[in-house]
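Let us work through one model feature by feature.

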Amino acid sequence: MKVKRNIWQNISPMKLILGGYCAIILIGTLLLALPVATRGPGSTSISDCFFTATSATCVTGLVRYDTYTHWTLFGQLVILVLLQIGGLGFMTVAISVLVIAKRRISLNQRSIMQNSISAPQIGGIVRMTKFIIIGTFIFELTGAVLLSAVFIPRFGVKKGIYFSLFHSVSAFCNAGFDLMGGTGGKFSSLTGLAGWSTTEQWYVTVIIMLLIFIGGLGFFVWHDVGSKRFRLKQLNLQSKMVLSISIWLVFAGAVVLAILEWNNPVFAGLSVGERMNASLFQSVSARTAGFNSIDLAEMTEGAIFFMICLMFIGGSTGSTAGGIKTTTFWILCISIFATFRRKKNIEMFGRRMDEGITRTASCVFMTYLLLVTSAAVIISAVEKLPLLTTLFESVSAMATVGLTLGITPGLSMISKMLLAFLMLCGRVGSITMLLAFSSDKRVTNSRLPLDKVQVG
């Protein structure tokens with residue numbers, strides 16, 4: 001027993017986090033491969049089950065088959081559970097089970113949990129876990145109740161409650177899975193709302209947007225805002241950065257998308273209010289969620305590229321969202337201004353940041369950039385598709401967004417596996433993936449001779 005304990009203790013937290021997500025994906029794949037999970041005779045191929053399980057666990061939303069028309073109620077519930085585990089993080093669920101069972105949480109388990117949710121410190125990690133679980137269920141239940149006011153009259157009591165709960169969980173976890181294929185057609189997402197009344201459209205999309213936005217802020221931002229009783233001046237630096245850049249991106253993104261698409265075919269037949277709604281919704285959804293209320297394939301190349309940028313940025317650290325994260329983007333922008341103004345330190349809101357933060361942000365940015373561009377080039381060559389289209393798909397997978405221009409169902413095995421790898425990298429985190437595959441050997445503290453190199 002001692003030998004086993006030592007083996008587990010010697011495995012780095014990064015490897016355990018990666019292994020945990022892989023185990024959940026494997027279990028999900030096996031459950032979705034059962035004949036009872038698929039409508040009609042037979043079962044779904046293992047590769048497609050693996051792709052769907054990966055997309056659900058990594059809260060992405062890219063799918064080979066329409067969720068409602070292809071999967072049975074059992075298959076949909078498996079996807080829903082994977083969404084919830086993926087949104088919370090498997091270590092959050094594992095710690096919660098140990099707490100309920102009144103088991104002692106070891107220091108190593110607390111360390112793994114800290115890395116899993118990007119906690120600033122190991123102290124109070126169990127209390128934070130309880131806060132995450134309770135807060136998540138409160139937001140999701142509230143969203144489901146609000147959505148049921150429209151879904152129950154539309155679909156009936158049982159179906160309305162089920163649809164409300166599924167879409168609330170999917171939106172809050174920033175997943176993008178939907179069940180609208182049975183009403184608006186396969187892969188319709190929220191485009192089917194176009195046939196509903198304007199009031200219903202705004203009501204549903206605003207609730208979905210709020211769930212996406214709150215889920216993408218991050219667990220620690222909620223805790224900070226709640227503990228400070230909404231006194232914004234008293235918030236810590238990260239919370240101020242996350243809130244400011246998130247709000248700015250939502251409205252700036254909506255304005256840019258509206259300008260780029262206002263008189264183009266994708267907005268044809270929509271009123272001014274509906275165009276504003278569509279622009280705002282896609283600005284929110286593009287950064288992490290994967291829902292769409294308009295046909296993205298009809299958008300201009302400029303708008304598609306802008307949405308790629310929004311997806312690349314993503315949500316916030318320690319949240320259900322993906323991307324390089326808002327803080328990473330903000331730090332890179334600030335470092336540019338600091339260089340122009342010849343400042344040695346990066347400063348914001350009256351605070352100075354750690355000197356190594358720019359290096360970490362640059363590492364995250366370059367890792368994401370290299371992975372998505374490499375994948376886009378490979379998929380473009382294999383599938384004979386335009387590079388912009390495959391770049392959109394690759395960034396959507398890596399940033400765990402789930403938006404697509406419609407090419408996912410027809411991709412070959414190579415492209416599917418490549419996107420699945422990107423989704424896993426995006427959910428676990430690029431730094432975590434690098435550290436998980438790197439050597440555990442410690443480097444020496446000796447310093448090499450200093451020399452100067454000119455850049456720029």
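The dialogue below covers aromatic rings, charges, a surface patch and a helix.

Q: What kind of model is this?

A: This is a predicted model.

Q: How is a pair of aromatic rings described?

A: Two values describe a pair of aromatic rings: the distance of the centres and the angle of the planes. Here the count comes to 14 aromatic pairs. One of them joins Phe151 and Phe155, with centres 5.7 Å apart and planes at 55°, a tilted pair.

Q: Where do Phe151 and Phe155 lie?

A: Both are in helix H8 (residues 125-155). They are four residues apart, about one turn of the helix.

Q: What does that spacing do in general?

A: An α-helix has 3.6 residues a turn, so residues three or four places apart point the same way.

Q: Is Phe151 buried or exposed? And Phe155, buried or exposed?

A: The cut-off for buried is under 20% relative accessible area. Phe151 has 1% relative accessibility, so Phe151 is buried. Phe155 has 16%, so Phe155 counts as buried too.

Q: Which pair links distant parts of the chain?

A: Phe172 and Trp222 form a tilted pair, at 5.6 Å centre to centre and 50° between the planes. Phe172 is in helix H9 (residues 157-172), while Trp222 is in helix H12 (residues 219-227). The two are 50 residues apart. Both Phe172 and Trp222 are buried.

Q: Which residues do ring pairs link into a cluster?

A: The cluster holds Tyr68, Phe151, Phe155, Tyr162, Phe163, Phe166 and Trp196.

Q: Which charged ends sit over rings?

A: Take Tyr68 again. The charged end of Arg39 sits over the Tyr68 ring, 5.2 Å from its centre. Arg275 places its charged end over the ring of Trp262, 5.4 Å from the centre.

Q: Which residues make the nonpolar surface patch?

A: Ile27, Leu31, Leu34, Val36 and Phe74 make a patch of about 400 Å². Phe74 lies in helix H5 (residues 73-88).

Q: Which residues of H19 are buried, and what follows the helix?

A: Buried residues include Ser415, Lys416, Leu419 and Met423. Gly429 follows H19, and its phi is positive, near 110°.

Technical notes. Residues are numbered from 1 along each chain as its sequence is written. This is a predicted model: local features need pLDDT of at least 70, side-chain atom pairs count only at pLDDT 80 or more; totals for chains, interfaces and linings use all residues. Side-chain values use heavy atoms; hydrogens and water are left out. Patches are made of residues with over 30% relative accessible area and no salt bridge: like charges are joined within 9 Å, nonpolar side chains (Val, Leu, Ile, Met, Phe, Trp, Tyr) within 5 Å. Accessible areas come from the Shrake-Rupley method with a 1.4 Å probe; for residues, only the protein chains shown count as cover. A salt bridge is a side-chain nitrogen of Lys or Arg within 4 Å of a carboxyl oxygen of Asp or Glu. Rings of Phe, Tyr and Trp (its six-membered ring) pair if their centres lie within 6.5 Å; planes under 30 degrees apart count as stacked, over 60 as edge-to-face and the rest as tilted. Buried means under 20% relative accessible area, exposed over 50%, partly exposed in between (1.4 Å probe, protein chains only). A charge sits over a ring if NZ of Lys or CZ of Arg is within 6 Å of the ring centre and within 35 degrees of the ring normal.
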